[in-house]
Amino acid sequence: MRSTAAVVSTVILLSLSAVATGGETPVVLEMPSGDAAEAAYWAGEPDKPAVLIQHGFLQTHHFPTVRRLAVALADAGFHVLTPTLTLGIDRRTASLPCEAVHTHGMEQTRNEVAVWVDWLREKTDQEPVVIGHSAGSVNLLAYLADSANTPVAHAIFISVTYFGHGEAAFESAEDAARARASLERGDAGLEEYSLGFCRQYVTTPEAYLSYYDWDRQRTERALELNTVPSTLIAGSIDDRIDLDWIETLRRHGVEVRIVEGANHFFDRMHEFDLLEEVEQVLRERHSQ
């Protein structure tokens with residue numbers, strides 16, 4: 001596997017004028033695994049921050065919550081990058097079904113986030129703000145926890161969730177125990193588990209535990225130890241996360257913003273409330 005620093009990148013531009021005027025531009029980079037990953041990029045105004053938005057579990061950068069926010073921020077003049085994690089598939093463009101064979105793990109996703117953050121920093125000559133939606137926030141936390149002197153100005157975690165056992169998760173301690181027993185026996189082959197919103201999730205024990213072990217305690221600890229200024233944004237009627245846990249994080253000093261009436265996806269009219277909260281964070285950060 002090649003190191004992140006040695007990654008060879010290929011950027012596909014629609015036209016020079018598209019970049020100059022902030023139009024959406026496709027980007028393709030080769031990842032450390034050798035697979036190519038796709039993203040959408042909007043060049044912003046010179047004095048506006050750069051933003052990376054990471055999609056949630058098994059999704060792509062076309063996911064509605066991510067797409068709406070990206071387009072709105074780009075229209076407001078921000079530099080915006082929305083990558084799609086490969087999840088072990090070269091140039092993946094569609095969400096990955098639960099029933100697929102999953103060969104990816106948290107280490108791979110963390111490495112891919114690092115490639116995209118480095119690309120955006122070099123492209124804009126500034127430390128970007130990273131935004132994660134749902135489990136995409138855990139991907140970003142894993143990256144931030146593993147990266148010393150990370151080139152990130154601020155992190156925004158939207159509808160942050162965790163693995164292990166959550167409000168709308170099917171995995172169980174029995175799944176984890178079975179995976180650990182397989183590893184102890186030296187059995188690294190594919191098995192069927194449950195993970196996140198997937199009742200049937202076929203993967204290796206090692207890959208399974210790489211996600212499962214990012215449970216409530218580990219996620220909470222990562223948020224508390226995170227040295228990058230961060231903001232959590234959650235909807236008041238989000239039934240996929242534990243809002244009491246979010247309030248616990250607030251008491252521990254994490255900045256939390258609650259949008260009244262919004263669900264996990266901030267759809268319908270609440271997409272504008274989400275945009276307002278994110279833009280306020282970006283403005284405050286930029287003015288410092």
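This is a predicted model: local features need pLDDT of at least 70, side-chain atom pairs count only at pLDDT 80 or more; totals for chains, interfaces and linings use all residues.
Figure 1. Arg268 sits in the loop between strand E12 (255–259) and H9. Its C-alpha atom is 30 Å from that of Glu99. Along the chain, Arg268 and Glu99 are 169 residues apart.

**Figure 2. Phe266 has a positive phi and sits in the loop between E12 and H9.** Phi of Phe266 is near 50 degrees. Most residues other than glycine have a negative phi. Is Phe266 buried or exposed? Phe266 counts as buried, because its relative accessibility is 0% and the cut-off for buried is under 20%.

Figure 3. Asp125 has 71% relative accessibility, so Asp125 counts as exposed. Phe266, with its own positive phi, is buried instead.

**Figure 4. Helix H2 packs against helix H9 at an angle of about 55 degrees.** H2 covers residues 64–75, and H9 covers residues 270–287. Their axes are 10 Å apart. The angle makes H2 oblique to H9. The crossing of H2 and H9 is right-handed. Which residues make the contact? H2 supplies Thr65, Arg68, Leu69, Ala72 and Leu73. H9 supplies Glu271, Leu274, Leu275, Val278, Glu279 and Leu282. By class, the residues of this contact of H2 with H9 are 7 nonpolar, 1 polar and 3 charged.

**Figure 5. Helices H5 and H6 cross at roughly 140 degrees.** H5 spans residues 173–184, and H6 spans residues 205–212. Their axes come within 9 Å. H5 passes H6 in a left-handed crossing. On the H5 side, the contact uses Ala173, Asp175, Ala176, Ala179, Arg180, Ser182 and Leu183. On the H6 side, the contact uses Pro205, Glu206, Tyr208, Leu209 and Tyr212. Sorted by class, the contact of H5 with H6 has 8 nonpolar, 1 polar and 3 charged residues.

**Figure 6. A disulfide joins Cys98 to Cys198.** A disulfide is a covalent bond between the sulfur atoms of two cysteines. How many disulfides does the structure hold? The structure holds 1 disulfide. From S to S, Cys98 and Cys198 are 2.1 Å apart. The link of Cys98 and Cys198 is left-handed, with -70 degrees about the S-S bond. Cys98 lies in the loop between strand E5 (79–83) and strand E6 (101–102), and Cys198 lies in strand E10 (residues 198–203), so the pair ties together parts that are 100 residues apart in sequence. Cys98 counts as buried, at 14% relative accessibility. Cys198 is buried as well, with a relative accessible area of 0%.

**Figure 7. Leu29 is a buried residue of strand E2.** Strand E2 covers residues 24–30. Leu29 has 1% relative accessibility, so Leu29 counts as buried. How many Å separate the C-alpha atoms of Leu29 and Glu206? The separation is 26 Å. Along the chain, Leu29 and Glu206 are 177 residues apart. Glu206 is one of the H6 residues in the contact with H5.

Definitions and conventions
Residues are numbered from 1 along each chain as its sequence is written. Side-chain values use heavy atoms; hydrogens and water are left out. Axes are lines fitted to C-alpha atoms, for helices over the stretch in contact, and angles run from 0 to 180 degrees between N-to-C directions. Helices (H or I, at least four residues) and strands (E, at least two) are DSSP runs, numbered from the N terminus. Angles under 35 degrees count as roughly parallel, over 145 as roughly antiparallel, 65 to 115 as roughly perpendicular and the rest as oblique. A crossing is left-handed if the near helix is turned anticlockwise from the far one by less than a right angle, and right-handed if clockwise. Contact means heavy atoms within 4.5 Å. Ala, Val, Leu, Ile, Met, Phe, Trp, Tyr, Cys and Pro count as nonpolar, Asp, Glu, Lys and Arg as charged, and the others, Gly among them, as polar. A disulfide is a pair of cysteine sulfur atoms within 2.5 Å. Buried means under 20% relative accessible area, exposed over 50%, partly exposed in between (1.4 Å probe, protein chains only).
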